[in-house]
Structure formats: structure tokens, C-alpha cells
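Biologist: Could you take me through this model, one part at a time?

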Amino acid sequence: MLRGRTRRGRGPYVTDDDPLDAAQERRVRAVLALGGVPQADLPDGVQQVRLRLLERAASGREAPRDVSAWAAVVASNLAMDWHRAKRRQERLGERLAALRPAEAPSGEESSVLSLAVARGLDQLPDAQRQVVVLRFYADLPVRSIAEQLGVPEGTVKSRLHSAVRALRARLHEDEVV
């Protein structure tokens with residue numbers, strides 16, 4: 001790969017072709033930590049930087065001139081992504097809490113509803129299931145979904161509409177709602 005040195009006894013993810021040396025790894029950890037990523041998530045962040053560097057090499061692009069600086073920028077971007085995902089999860093939790101009825105359904109009712117929704121999702125065509133998951137579970141806006149899938153926004157909206165209609169019909173058919 002990029003560099004061929006042997007490092008032994010450093011954990012399960014370090015290979016002979018590890019693209020980050022010890023100093024670079026410490027720098028990545030520091031950037032992630034200073035970016036507000038919790039200690040428990042730092043190893044995953046370091047692995048993401050390694051993965052991006054390996055993907056870059058595998059795609060045929062040349063190695064960055066300064067791997068350490070490149071890795072620090074990637075780590076900084078990962079820290080921002082971590083915060084965005086955290087905020088998205090918090091907003092999703094708030095939205096779900098606002099939708100929750102005053103009297104929460106019993107555990108059994110909630111399980112029945114969850115199971116019915118999962119079955120309904122399984123029966124949707126792949127394209128519809130994909131946009132439902134991205135919109136309602138990943139909390140992505142329609143524009144982002146369209147960009148990620150490479151389709152027009154209208155197509156995403158149409159798939160969402162059809163999927164929600166099919167799920168609603170399935171839940172009524174199963175007498176869940």
C-alpha cells in the first residue's frame with residue numbers, strides 16, 4: 001500500500017501496510033478529541049481516517065503530499081460529521097417524542113406496531129424502502145436524498161408518497177392502527 005512497515009502488538013487493526021504511523025495516529029486522535037468526539041469513539045474515528053486513506057490509494061489517486069496534514073483535515077471533518085449526526089439524532093428523538101400520544105402504548109402494543117412497520121418496509125420495493133429509511137430513519141432532507149441517489153427531487157417525493165401510502169394501507173389492513 002502506501003507504506004510497508006511492520007508494527008507488532010498494536011491491536012487488531014494495525015497491519016503491515018498501516019497508512020498512519022504512531023505520530024500521525026496521535027495527531028488524528030488529538031484532532032478528533034479537540035473536535036468534541038468522545039473518547040469511546042476515537043478508535044472508530046482513527047479507523048475512518050485509515051479507511052479513507054486506503055480508499056484513496058485503491059482508487060489510483062496518489063498519496064497526499066503531507067499525510068499527517070491530510071489526516072488531520074479528514075479527522076476534523078469526521079468530528080463535524082459526528083456532531084451533525086448527534087444533532088440529527090437529537091432532533092429525531094424530539095420529533096418522535098412530540099408524536100408520542102399522551103398515554104404511551106403498552107410495551108406489547110408498541111412491539112406489535114414496530115413489527116407491523118418492519119413487515120411493511122420489507123414488502124416495499126427496494127427504491128421505496130430506501131427513500132423511507134433515508135428520510136424517516138436517517139432524517140435526511142429530500143434534496144440530500146436526491147443528490148445521494150442521483151435522482152430528481154420529484155422522484156424522491158413520489159417514492160416517499162407511494163411508500164407511505166402503502167405502509168399506511170398495510171397497517172390498516174393488519175388492524176394495527
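This is a predicted model: local features need pLDDT of at least 70, side-chain atom pairs count only at pLDDT 80 or more; totals for chains, interfaces and linings use all residues.

Biologist: How many residues has the largest nonpolar core, and which have the most contacts inside it?

Modeller: The largest nonpolar core has 15 residues. Those with the most contacts inside it are Leu20, Val28, Leu32, Val49, Trp70 and Ala71.

Biologist: Which elements give two or more residues to this core?

Modeller: They are helix H1 (22–34), helix H2 (42–58) and helix H3 (67–99). H3 gives the most, with 7 residues.

Biologist: Where does Pro64 lie? Is Pro64 buried or exposed?

Modeller: Pro64 lies in the loop between H2 and H3. Its relative accessibility is 10%, so Pro64 counts as buried, the limit being under 20%.

Biologist: What does Pro64 touch in turn, apart from neighbours within four places in sequence?

Modeller: With those neighbours left aside, Pro64 is in contact with Leu53, Arg56 and Trp70. Pro64 and Leu53 are 11 residues apart in sequence, and their C-alpha atoms are 8.8 Å apart in space.

Biologist: Now the helices. At roughly what angle do the axes of H1 and H3 cross?

Modeller: The axes of H1 and H3 cross at roughly 25° and come within 8 Å. Angles under 35 degrees count as roughly parallel, and H1 and H3 are therefore roughly parallel to each other. H1 passes H3 in a right-handed crossing.

Biologist: What about H5 and H7: how do their axes cross?

Modeller: The axes of helix H5 (residues 126–137) and H7 come within 9 Å and cross at roughly 95°. Angles of 65 to 115 degrees count as roughly perpendicular, and H5 and H7 are therefore roughly perpendicular to each other. Val131, Val132 and Phe136 are among the H5 residues in this contact, while those of H7 include Leu160, Ala163 and Leu167.

Biologist: Staying with H7, where is Arg170, and is Arg170 buried or exposed?

Modeller: Arg170 is in helix H7 (residues 153–173). Arg170 is buried, because its relative accessible area is 17% and the limit is under 20%.

Biologist: Which side chain does the side chain of Arg170 make a polar contact with?

Modeller: The partner is the side chain of Gln123, at 2.6 Å. Leaving aside neighbours within four places in sequence, Arg170 is in contact with Arg119, Gly120 and Gln123.

Biologist: One more loop, then. What is the phi of Asp139 near?

Modeller: Phi of Asp139 is near 60°, a positive value in a residue other than glycine. Asp139 is found in the loop between H5 and H6, and this residue is buried, with a relative accessible area of 9%.

Biologist: And Gln148, buried or exposed?

Modeller: Gln148, which lies in helix H6 (residues 142–149), is exposed, because its relative accessible area is 64% and the limit is over 50%. The C-alpha atoms of Gln148 and Leu134 are separated by 10.0 Å, and these residues are 14 residues apart along the chain.

Conventions
Residues are numbered from 1 along each chain as its sequence is written. Side-chain values use heavy atoms; hydrogens and water are left out. Helices (H or I, at least four residues) and strands (E, at least two) are DSSP runs, numbered from the N terminus. Buried means under 20% relative accessible area, exposed over 50%, partly exposed in between (1.4 Å probe, protein chains only). A polar contact is a pair of N or O atoms within 3.5 Å; within protein, one must be able to donate a hydrogen and the other to accept it, and residues adjacent in sequence count only if both atoms are side-chain atoms. Contact means heavy atoms within 4.5 Å. A nonpolar core is a set of buried Ala, Val, Leu, Ile, Met, Phe, Trp, Tyr and Cys residues joined through side-chain atoms within 4.5 Å. Axes are lines fitted to C-alpha atoms, for helices over the stretch in contact, and angles run from 0 to 180 degrees between N-to-C directions. Angles under 35 degrees count as roughly parallel, over 145 as roughly antiparallel, 65 to 115 as roughly perpendicular and the rest as oblique. A crossing is left-handed if the near helix is turned anticlockwise from the far one by less than a right angle, and right-handed if clockwise.
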